[in-house]
Structure formats: C-alpha cells, structure tokens
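Subject: Handover of a structure

Dear colleague,

Please find below the structure that I am handing over to you.

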Amino acid sequence: MDLQQAEANLKQFSAHYDYDTGYIIQLLHDSPGAYETFAAAQAMPNYSQALPLDAFFVAKITVMKTEDCGPCANLSLKMGVEKGLDRQFLKDIVQNPAALPQPLKDVHDHVVAVIRNDDQDADRMERIRQHYGVEAFAELAVVIVGCRIYPTLKRAMGMDAYCEVLNLDF
C-alpha cells in the first residue's frame, strides 16, 4: 500500500466534501495494517445494487443521525445532493421522517430499531422485503453495518469530540 497516495486520497475526499478525515489519516499513520483492514470494509456503506437510491440514503442518513454523528450525517446529505436527490426529501429524512412514504418510513424505523437494539418488528421487516425484495433487504443490512464503522471508529480512537450541528442548508 502506498501510504502517501492513501493520505492524498483522503485529503482530496476531505476537501471535496468539507469533511474531516483526520481520524482516518491518524489510523493510517498509527497502523497501516489496521488502516488496510478498515479500508477493506469501506465498500459496505456504499453498496447498493437492488436497494433504490432513495431507500439507500434514508438508511445512510438515519444511521448517522441516530449514531449522533453530525459530520457523517452532513457528509451523507452532501452525497445525496450530489446524487441528485431532492433537497426537501433529504430534509424530511432528518427533520420529519414520519412524512416519508410508508416504504421509506419503514426503512427509517428499521434502521433506528437496529441501532438502538430495539425489538424488531417482524411485520415491518416483511413489508420492506415485500416492497424492495430480499436482495435489497440484505443490502440494507450491509449499509447499516457499514455506515456504523465511521462513528464507531471515531469514538474508539477518542476523536469524536469534533461534533457539528446538522446543516440543512446544502
């Protein structure tokens, strides 16, 4: 692995999204092997073949909001805008998820239940499977797990003190 290239890529990502990748760069410097392991998992929060874009971003943004990671939530909002999602839709995910159409509300509520380790609603999970398909439901699980690695890594490295308020003026 080329450490300089990896750091340059992280800095480019940081500049493009105005997102602090310092915790990932610190990991790279502290343990290149640990960074490589982490980097191998970075495809997880971005994998979506069967899961539609709107449901995918409901999941990503809801994970970051529920994990109380403002910088990560803001990053997900910016990525949603970059993918062409309606800004009001993105605001609704954050401010008014009850206003989402039922299938997307189900995705939101499922994500929250998973993160909070609440009792799972079998009917809701079945509705998600029926609406999006079993492959999309599996992808949703991977997106939830994958998105959680960022705020968890920040906390585990003691670098989570850099909170920021969600910015809905994107």
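Which residues of the largest nonpolar core touch the most other members? They are Phe89, Val107, Val111 and Leu140, in a core of 48 residues. A nonpolar core here is a set of buried Ala, Val, Leu, Ile, Met, Phe, Trp, Tyr and Cys residues joined through side-chain atoms within 4.5 Å. Buried means under 20% relative accessible area, exposed over 50%, and partly exposed in between (1.4 Å probe, protein chains only).

Please note that this is a predicted model, in which local features need pLDDT of at least 70 and side-chain atom pairs count only at pLDDT 80 or more, while totals for chains, interfaces and linings use all residues. Residues are numbered from 1 along each chain as its sequence is written, and side-chain values use heavy atoms, with hydrogens and water left out.

Leaving aside residues up to four places away in sequence, Phe89 touches Asp54, Val58, Leu100 and Leu104 (contact means heavy atoms within 4.5 Å).

I turn next to the aromatic rings. Rings of Phe, Tyr and Trp (its six-membered ring) pair if their centres lie within 6.5 Å; planes under 30 degrees apart count as stacked, over 60 as edge-to-face and the rest as tilted. By this rule there are five aromatic pairs. One of them joins Phe13 and Tyr17 in a tilted arrangement, 4.9 Å centre to centre with 50° between the planes. Both residues lie in helix H1 (residues 3-17), four residues apart, about one turn of the helix; helices are DSSP runs of H or I, at least four residues, numbered from the N terminus. Phe13 also forms an edge-to-face pair with Tyr19, at 6.3 Å centre to centre and 90° between the planes. Tyr19 is buried, because its relative accessible area is 4%, whereas Phe13 counts as partly exposed at 29%. Ring pairs link Phe13, Tyr17, Tyr19 and Tyr23 into a cluster.

Phe13 is also among the residues that lie nearest the centre of the largest pocket, together with Asn46, Leu75, Met79 and Tyr150. A pocket is an open set of points on a 1 Å grid over the protein atoms alone, where a 1.4 Å probe fits, with protein on both sides within 12 Å along at least five of seven lines; lining residues have an atom within 4 Å of a point. This pocket is lined by 19 residues, and H5 gives the most to the lining, with four residues.

Note on methods:
Helices (H or I, at least four residues) and strands (E, at least two) are DSSP runs, numbered from the N terminus.
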